[in-house]
Amino acid sequence: MSKKAYIIAAGCFIIGVLLGVVASTAYWGKQTMQGLALLKEMEIARYGERALAAYQNESPQVAIYALSQYLDLLAETEALAGDQAVFMTKDGINFDAMLAHARLAKVYSAAGQSDRSTEQVAKALERASRDQRRERITNETMLMETVAQIDEAATK
């Protein structure tokens, strides 16, 4: 074999190795991103459980804080949700935010802050209007009935 043939063979081998390294790095990078997204989603779910527990069992001030923090976390997550989401879709985040706003409205109402309660009801209804499955929720009564049903199921 000539020197030229050895150089071509070596060049093809090096190019193949480089392509393999790039492809495997991309694959493992994607797997790592999906794993991190799953961990983040699990963290958000745990925070949602803590916010629900505060809503059900704590003073209005604690519940307001927990639900507000959960809504902030959902807003951040909604901005990032997309291809990397494992369980949390934008629809799921929207539904969780609707529930959190409605629950926050109930807590504000119980705390005597009717203006803030009205604000949260409006935000919850706006969230409900984005979801075709929740289109029957068009007013505060329907919203609160839905939340009551979900809360009752959550306590069982």
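**Helices and their contacts**

Modeller: Happy to! Let's begin where two helices touch: in α3, the residues F95, M98, L99, A102, R103, A105 and K106 meet L143, M144, V147, I150 and D151 of α5. By class, that contact of α3 with α5 has nine nonpolar, no polar and three charged residues. Keep in mind that this is a predicted model.

Colleague: Thanks! At what angle do the axes of α3 and α5 cross?

Modeller: They cross at roughly 100 degrees, and the axes come within 10 Å. An angle of 65 to 115 degrees counts as roughly perpendicular, so α3 and α5 are roughly perpendicular to each other. Here α3 covers residues 90-110 and α5 covers residues 140-155.

Colleague: Let me step back a bit. How many helices and strands does the chain have?

Modeller: There are five helices and zero strands. Going along the sequence, the pattern reads α-α-α-α-α.

Colleague: And what share of the residues counts as buried?

Modeller: Of the chain's 156 residues, 31% count as buried. As for the surface, the chain exposes about 10200 Å², with carbon and sulfur atoms supplying 59% of it.

Colleague: Which residues is R103 in contact with, leaving aside its neighbours in sequence?

Modeller: If you skip those within four places, R103 is in contact with L52, Y55, L67, V147, I150 and D151.

Colleague: I150 is on that list. Where does I150 lie, and which residues does it contact?

Modeller: I150 lies in helix α5. Apart from neighbours within four places in sequence, its contacts are F95, L99 and R103. I150 and L99 are 51 residues apart in sequence, and their C-alpha atoms are 8.9 Å apart in space. With a relative accessible area of 25%, I150 is partly exposed.

Colleague: Nice. How many residues does α3 have, and what does it span?

Modeller: Helix α3 has 21 residues and reaches 30 Å from its first C-alpha to its last, close to the 30 Å expected at 1.5 Å a residue. Just after α3 comes G112, which takes a positive phi of about 80 degrees.

Colleague: Last topic: α4 and α5. At what angle do their axes cross?

Modeller: The axes of α4, residues 114-129, and α5 cross at roughly 80 degrees and come within 10 Å. The two helices are therefore roughly perpendicular to each other.

Colleague: Which residues in α4 and α5 meet?

Modeller: V121, A124 and L125 in α4 meet E140, L143 and M144 in α5. By class, this contact of α4 with α5 has five nonpolar, no polar and one charged residues.

Notes. Residues numbered from 1 in each chain as written. Predicted model: local features only at pLDDT ≥ 70, side-chain atom pairs only at ≥ 80, totals over all residues. Heavy atoms only, no water. Axes fitted to C-alpha atoms, helices over the stretch in contact; angles between N-to-C directions. Helix = DSSP H or I, 4+ residues; strand = E, 2+ residues; numbered from the N terminus. Parallel < 35°, antiparallel > 145°, perpendicular 65-115°, else oblique. Contact = heavy atoms within 4.5 Å. Nonpolar A, V, L, I, M, F, W, Y, C, P; charged D, E, K, R; others polar. Expected span 1.5 Å × (residues − 1). Buried < 20%, exposed > 50% of the residue type's maximum accessible area, 1.4 Å probe, protein only. Areas by Shrake-Rupley, 256 points an atom, 1.4 Å probe, with all protein chains shown as cover.
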